[in-house]
Amino acid sequence: MRAAVIAERNGRRELEVVDDLPEPEPGEGELLVRVGAAGLNRADLVMPLRHRHGADASGPAIAGNEFAGTVEACGPGADRFSAGDRVMGFGASAFAELTAVDHRHVFPVPGDMGWQTAAAYPVAVETMHDAIVTNGRLAAGESILFLGAGSGVGIVGIQIAKATGASLVLGASRSRDRLSRLAAFGMDEGIDVTDPGWPETVRALTGGKGVDLIVDMVSGPTVNASMKAAAIRGRIVNVGRLGGMTGEFDFNLHALKRLDYIGVTFRTRSDDEIADIVDRAWADLGGSIETRALLLPVHAAFPLDAVTDAYAEMRRDTHLGKIVIVP
């Protein structure tokens, strides 16, 4: 089987495509899926060797966490789908011709949806539904701010917030070009975070109150500025750490505003917890995916042999939407 493997050489992680890996077999409750396309995510750029979402550390370190494809076989107890069904999911070892996944961790792919489009949805939909609805507790009439709004998860998050009834949807980015294009997905106002006074801009847009919910894909140096932009008793959901894993934290400001600062990740969730997230997200958003009311553009597609070019394109950080890889 062909796959993109994370190899370690001289203390450095490198990607290489190999042709001779054994084909996986579906275990208890698993589907064997022939991958039609796989989504590349920013987390793939920083995921340490053998520290992959849901990965089995004893197996080959195959890269990738998101895919769409056709079910080839079902393991014992995997009764939600059948061979021949089209599915899209969030699971380890996606940059390969075949991958095995818990049958509870996939969505059905609508019959006329292409693989590249389908492979773009799972991570963004599950991550943002969990961040906005479950952990962020966004209520109709509240305001919301997305830090890192130009990412795939940000684009989906903007649309989920609108569908939930947010009164004001703000998107923050370092790229004015990205901000100018996000209005098409429902963003009301764009925030240029290269301006040190951006928290005051947010407060002005919310009538001096501050924003009710912040979904932060950046973290690092943005934490204190986020708290300044937040309303009293607001919520900040820490989804990503692309700006840095650590940073200064103003405990006094956090206490004065009585903020809920909520950390989320899939890495420490059990299979049952992930299955619950999948079910909740599909119940609320499956219809919008099927009708294409929920949009996520594909920026570019790369063949598996050019996986390093796909990573380089993501590192350039000039794209809007998803980058996908086709085995």
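Over which residues does pLDDT stay under 50? In this predicted model, that stretch is residues 48–57, for which the model has 27 contacts beyond four places in sequence. Where pLDDT is low, the predicted coordinates should not be read in detail. The protein averages a pLDDT of 93, and 95% of the residues score at least 70.

**Helix α6**

- Helix α6 spans residues 198–205, and its buried residues are W198, P199 and V202.
- An α-helix has 3.6 residues a turn, so residues three or four places apart point the same way.
- Exposed residues E200 and A204 sit on the face of α6 turned away from its buried side.
- The cover over the buried residues of α6 includes the strands β8 (143–147), β9 (168–173), β10 (189–192) and β11 (211–216), along with helix α7 (223–229).

**Packing of α3 with α9**

- Helix α3 (residues 122–135) packs with helix α9 (residues 271–290) at an angle of about 105 degrees, and the axes are 9 Å apart.
- The two helices are therefore roughly perpendicular.
- On the α3 side, the contact involves V125, E126, H129, D130, V133 and T134.
- On the α9 side, these residues meet I277, V278, R280, A281, D284, L285 and I289.
- By type, the residues of the contact of α3 with α9 are 7 nonpolar, 2 polar and 4 charged.

How values were computed
Residues are numbered from 1 along each chain as its sequence is written. This is a predicted model: local features need pLDDT of at least 70, side-chain atom pairs count only at pLDDT 80 or more; totals for chains, interfaces and linings use all residues. Side-chain values use heavy atoms; hydrogens and water are left out. Buried means under 20% relative accessible area, exposed over 50%, partly exposed in between (1.4 Å probe, protein chains only). Helices (H or I, at least four residues) and strands (E, at least two) are DSSP runs, numbered from the N terminus. Contact means heavy atoms within 4.5 Å. Axes are lines fitted to C-alpha atoms, for helices over the stretch in contact, and angles run from 0 to 180 degrees between N-to-C directions. Angles under 35 degrees count as roughly parallel, over 145 as roughly antiparallel, 65 to 115 as roughly perpendicular and the rest as oblique. Ala, Val, Leu, Ile, Met, Phe, Trp, Tyr, Cys and Pro count as nonpolar, Asp, Glu, Lys and Arg as charged, and the others, Gly among them, as polar. pLDDT is the predictor's confidence in each residue, from 0 to 100.
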